[in-house]
Amino acid sequence: ARLGLERGRQLIVGYLYRPPRYTVGALQDDFSDIEAQLQHLLVNFPNTPLVICGDLNCDWLKDNSDPARRRLAEFLHDHSLEQLVRKSTFSSGSVLDLCMVKSRDIVQNVCVLNCDISPHKLVSVCVDIPRPRAKHFVVYSRSLKRIDSAAFIHDLNLTDWSDVFTAESVS
């Protein structure tokens, strides 16, 4: 979802769910699909802050010998994403629910909250989207303070302006 906020601020929020599939082929297919969608966003909205949250069913707390954890780490590294959730998000003590961002400086706070209706906990992310700054531009002009007005008017009167007056447009 691409959110348009006040004063031209923008944010892309992605929500992911990856089913708990454990074969290496399924893992590769799932991440290939996620990467294709992410590439689409990065190409079409290159400077828009990005937050991706969801249940990827890859336990972030496992070491890199776990294929799902290793593939997730590769995905984060390849796309310069940072995973922010550090506390357990599931009743078993694993971190399955993640929050990934392109730029850490937009995130003010990440909290993991208990949920009474699910074995998953809630992940709360507070973001602060910077206001876009207007591009500064410089206008160069000639100073006319010391111009000889009489000579300038004389030169203007001698100029052939017929091309200007017969032009179809100002360009």
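This is a predicted model: local features need pLDDT of at least 70, side-chain atom pairs count only at pLDDT 80 or more; totals for chains, interfaces and linings use all residues.
Me: What is the relative accessible area of Thr-89?
Reply: Residues are numbered from 1 along each chain as its sequence is written, and side-chain values use heavy atoms, with hydrogens and water left out. Buried means under 20% relative accessible area, exposed over 50%, and partly exposed in between, with a 1.4 Å probe and protein chains only. Thr-89 is buried because its relative accessible area is 0%.

Me: Which residue has its backbone nitrogen 3.0 Å from a polar atom of the side chain of Thr-89?
Reply: Thr-89 is in the loop between β4 (82–83) and β5; strands (E, at least two residues) and helices (H or I, at least four) are DSSP runs numbered from the N terminus. Beyond residues up to four places away in sequence, Thr-89 touches residues including Ser-94, Val-112, Pro-119 and Val-123, where contact means heavy atoms within 4.5 Å. A polar contact is a pair of N or O atoms within 3.5 Å; within protein, one must be able to donate a hydrogen and the other to accept it, and residues adjacent in sequence count only if both atoms are side-chain atoms. The backbone nitrogen 3.0 Å from the Thr-89 side chain belongs to Leu-96.

Me: Which residue has its backbone oxygen 2.6 Å from a polar atom of the side chain of Asn-57?
Reply: Asn-57 is located in the loop between β3 and α2, and its relative accessible area of 17% places it among the buried residues. Although not a glycine, Asn-57 has a positive phi of about 50 degrees. Its contacts outside four places in sequence include Tyr-17, Pro-19, Pro-20 and Leu-96. The backbone oxygen in question is that of Arg-18.

Me: What is the relative accessible area of Ser-80?
Reply: Ser-80 follows α2 and lies in the loop between α2 and β4. Ser-80 is not a glycine, yet its phi is positive, about 50 degrees. Ser-80 is classed as partly exposed because its relative accessible area is 49%.

Me: Why are the buried residues of α1 on the same side, and what arc do they cover?
Reply: In α1, Ala-26, Leu-27, Asp-30, Phe-31, Ile-34, Glu-35 and Leu-38 are buried, and what covers them includes β2, β3 and α2. An α-helix has 3.6 residues a turn, so residues three or four places apart point the same way. Asp-29 and Val-43 are exposed on the other side of α1.

Me: How far apart are the end C-alpha atoms of α2?
Reply: The expected span of a helix is 1.5 Å times one less than its number of residues. For the 12 residues of α2 this gives 16 Å, and the model agrees, because the end C-alpha atoms are separated by 16 Å.

Me: Which elements do the buried residues of α2 pack against?
Reply: The buried residues of α2 are Ala-68, Arg-69, Arg-71, Leu-72, Phe-75 and Leu-76. They sit on the same side of α2 because they cover an arc of only 165 degrees, whereas the face turned away carries the exposed His-77 and Asp-78. The elements against which the buried side packs are α1, β4 and β5.

Me: Where in the chain is confidence highest?
Reply: The mean pLDDT of the chain is 87, and 95% of the residues score at least 70. Confidence is lowest in β1 (residues 2–4), at a mean of 57, while the highest value, 94, belongs to β4.

How values were computed
The arc is that of the directions from the helix axis to the C-beta atoms. pLDDT is the predictor's confidence in each residue, from 0 to 100.
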